[in-house]
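Please keep the sequence and the structure in view while reading the points below.

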Amino acid sequence: MQTEFSNDQHQFREVVTRFLLDKSPTSAVRQLMGTSEGYDPLVWRQLCGEVGLAGTHIPEAYGGYGFGPVELGIVAEEMGRFLYCGPFFASSVMAAYALLGAASEIHKEQLLPDIASGACIATLALDNLNLPEQVGQSLVAEQQGGDYRLTGTAPMVVDAHIAQLLVVIAATPAGLGLFAVSNPAEGLTVTPLEVLDPTRKLSRVDFAAAPAIFLGEVSPQALQTLWDQLCVVLAHEMMGGAQALLASTVEYTKMRVQFGRPIGSFQALKHRCADLLMEVEFAKAASHYAAFCLAAGEGDAYAPSMAKAMASDTYMNVARAAVQLRGGIGFTWEDDTHLWFKRAKSSEVFLGTPHLHRERMMTIMEGV
Amino acid sequence: MNTTDRIELDAATVTLAEIRQGVSAWLDANWSPDLPLREWRQRLIDGGWAAPQWPVADLGRGFNQEQAGVVADVFHERGAVGAAQAGPRRLAAETILAHGNADQKQRFLRPILSGEHAWCQLFSEPGSGSDLAGASTRAELVDGRWLVNGQKVWTTSAHHADYGILVARTDWDLPKHQGLSYFLLNMRQPGVEVRPLRQMNGHASFNEVFMTDAEIPATDLLGGLGNGWAVAATTLSFERRSFAQGRTSTAAAGPRTGLAHDEYAQELAIANEPYTWYPQRQGRVDLVLSRARQTGAIKDPAVRQEMARLLSMHQAAALASASAEATRRAGTNEVIPAGSIAKLAASVIARQAALVHTMISGADAMLAGPDSAEQGMIAETLISVPAISIAGGTDEIQRNIIAERVLGMPKEMRSDTGPFRNIKRNVS
């Protein structure tokens, strides 16, 4: 099993970083978060085309680059660092991972190439974002002849307002199934929601006998695997954000002068920053380890939950300190800190709060 | 083969296979478990295998780490006893090697390797713990020898030591770091009194050392007058390295009977005696899952949350250290905060472990001794954990190091500049 990044992976990270440094400054983040679309189509096309990130982990057979969870983690870590606003997580991560895990061969061939190229923006509609065990309690698929129709509500779907394809997990009499619904469609209502974190757009999606294509069965194990895959990518995104936010906070304490000295010379602040650096190093190690485990298909089964819980706590701890150490300025709208604070909060609760993941970690360990 | 024969191998050109062959052949001709330990070690030193990583001129062979590793492997495979290295003696040896003159190396290195001389480290004082450079033990040159007066503390193994590495003040008019000198002190003299220091967990692993007109020959000043801080830094860097690596054991594989092994076992028992509670001060994370299963606490959701926090930190710290080690080996210029972060992490993990053990034990945590949980190891853990965040540099000092050297935050304003005699000190 890989335990360190290769030189190629280091270089890949540099390419991603350079692109985002140029295309996702906080001025762009601020501008985009105020729009209803929430992303820049031109930058998204460049990201998919020139840099080819949308197909990072999609196999070459389906038009992607054929990399794995480690490279996907690298992309997410850097996107988190720059607070990138765009449908990467919804389309390339959520929808593509769901299709790769559960769609039939023919549907993968049909749907994945356009996701890999960025021609199609897709997302994954789940009726629960807390626990995989609770997925499929609202969304139901009914078969009428050869056709399927979906009924129910997915209360929060990332980037559904700009998605042309909704990949949906819904209950069938035989268990959970994976479905495709195009957007717009008859019986489909997408309602943008007011969100705490304006860099992650959410919509409620109501299905009223909306026509759907059955893509494949989703076993409980497959759903858990999908959840793990998403959590590992999300953990990378959070941990990238935590690194950037800690760095900017430390820089602020070196500049800001009170009582005739930089506030960073006070031990009260130094010690808090040192503790946070330790936490960030842990979250980094846990996230990278989880990606290495997924890539190798071995290692600790609880690694994704461990990474998600640690990255969530770390990001929030850094975010709280980032506001506090800036004092009043940190609580203003004008200062950028709240952009990261809100992303940290929405990521903390997305796909399971830290305490749910710690509980899952213990359940797996006990079984071992 | 004559027992003192030394096979010459050029470190620059020798292959690992040739080293393996050379060690093997030499052991065939020289090693016997029935030799007295001292006699065996003299052969070992003469043969050039006691410290092959040391320079050729200083009893070694100039081997690199990998080459020396092969020698250690063969000794291990053959069950042959190596040079003495338990306890603080190797700190003294490495410092003498780095800063000693030819005469000092000649007199001190051999008895360290042979095990004839045990050493202790005389750095900390009652008045200067974290602030090591604030040492106020006094050394004065009187009639061609140094007379030492003062007190040291936290001295591991002082009661067994023949010599001590000592930092003392030789000039009170210079700034604090410049007035220190580094000495090699003979512990077996009337001017040196050693008293055990009992800790809150009942063990007495350390000592207080009182020096009253203790004598040091002029020849045993190490690294030059006023250079004590730089020499001490060498010792401390070796100490930190060994802290990160954990204590190494030269315990041999294979048959372990015979006089040499018996005497070696005694040497180790004496040297390791102060450390029996060290696993407990780390929090005994290894016992957490089994204890929780035994007691049924594993079903308690609150305990599960704290256990998961503990086990996550414990594993992540190990992963982060491994990753930092790999980066170090790759030789990049990246600032690696590994040492201080690992030290701080050990404290946080130990405290969390004590919290979890407390939750698991409940009221049973009121008991101690061999009839209590895990033959008393849980109780010992609960009252030993406070040491981990103090020994080897407190958490607060580690946080300063991380903040200043890694994060580049501005240094604290100093109030200890100028002549040492004018600096505010503890009243003794």
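Domain bounds come from an automatic or database domain assignment. For chain A, this assignment gives domain 1 (7-117), domain 2 (122-218) and domain 3 (222-367). The model is a predicted one, and it scores ipTM 0.96 and pTM 0.90.

**Confidence in chain B**

- The average pLDDT of chain B is 91, and 93% of the residues score at least 70.
- Residues 246-250 of chain B have a pLDDT below 50, and this stretch has three contacts in the model beyond near neighbours in sequence.
- Where pLDDT is low, the predicted coordinates should not be read in detail.

**Overall form of chain B**

- Chain B contains 13 helices and eight strands.
- Its C-alpha trace spans about 70 × 60 × 45 Å along the principal axes.
- A compact globule of 428 residues would have a radius of gyration near 22 Å, and the 24 Å of chain B agrees with this.
- Of the 428 residues in chain B, 42% count as buried.
- When contacts in chain B between residues at least 6 apart in sequence are considered, 73% of them join residues at least 24 apart.

**Domains 1 and 3 of chain A**

- The centres of domain 1 and domain 3 of chain A, taken over C-alpha atoms, are separated by 21 Å.
- In chain A, 20 residues of domain 1 are in contact with 24 residues of domain 3.
- On the domain 1 side of this contact, the elements that give two or more residues are helix H2 (26-33), helix H4 (69-82) and helix H5 (88-102) of chain A.
- H4(A) supplies the largest share of that side, with 10 residues.
- By class, the residues on the domain 1 side divide into 12 nonpolar, five polar and three charged.

**Contact between the chains**

- Between the two chains, 32 residues of chain B are in contact with 32 residues of chain A.
- On the chain B side, two or more residues each come from helix H10 (301-329), helix H11 (338-361) and helix H13 (395-406) of chain B.
- H10(B) gives the most to this side, with 14 residues.
- The chain B side has 22 nonpolar, four polar and six charged residues.

**Strand pairing in chain A**

- Strand S2 (residues 140-144) and strand S3 (residues 147-158) of chain A run antiparallel and are joined by five bridges.
- Within this pair, Gln143(A) has Tyr148(A) in S3(A) as its bridge partner.
- S2(A) and S3(A) form a hairpin with two residues between them, and Gly145(A) in the turn has a positive phi of about 65 degrees.
- S3(A) is also joined by nine bridges to strand S7 (residues 202-218) of chain A, and these two strands run antiparallel.
- The bridge partner of Leu150(A) in S7(A) is Ala210(A).
- In a regular strand the side chains alternate between the two faces of the sheet.

**A loop residue in chain B: Gly223(B)**

- Gly223(B) is found in the loop between strand S8 (221-222) and helix H6 (228-245) of chain B.
- Is Gly223(B) buried or exposed? Gly223(B) counts as buried because it has 22 C-beta neighbours inside 10 Å, and the cut-off for a buried residue is 20 or more.
- Apart from neighbours within four places in sequence, Gly223(B) is in contact with His99(B), Tyr182(B), Ala230(B) and Val231(B).
- Gly223(B) and Tyr182(B) are 41 residues apart along the chain, and their C-alpha atoms are separated by 7.0 Å.

Methods. Residues numbered from 1 in each chain as written. Chains lettered and ligands numbered in written order. Predicted model: local features only at pLDDT ≥ 70, side-chain atom pairs only at ≥ 80, totals over all residues. Contact = placed C-beta atoms within 7 Å. Helix = DSSP H or I, 4+ residues; strand = E, 2+ residues; numbered from the N terminus. Nonpolar A, V, L, I, M, F, W, Y, C, P; charged D, E, K, R; others polar. pLDDT = per-residue confidence, 0-100. Rg over C-alpha atoms; globule rule 2.2 N^0.38 Å. Buried ≥ 20, exposed ≤ 12 C-beta atoms within 10 Å, placed from the backbone. Pairing = 2+ DSSP bridges.
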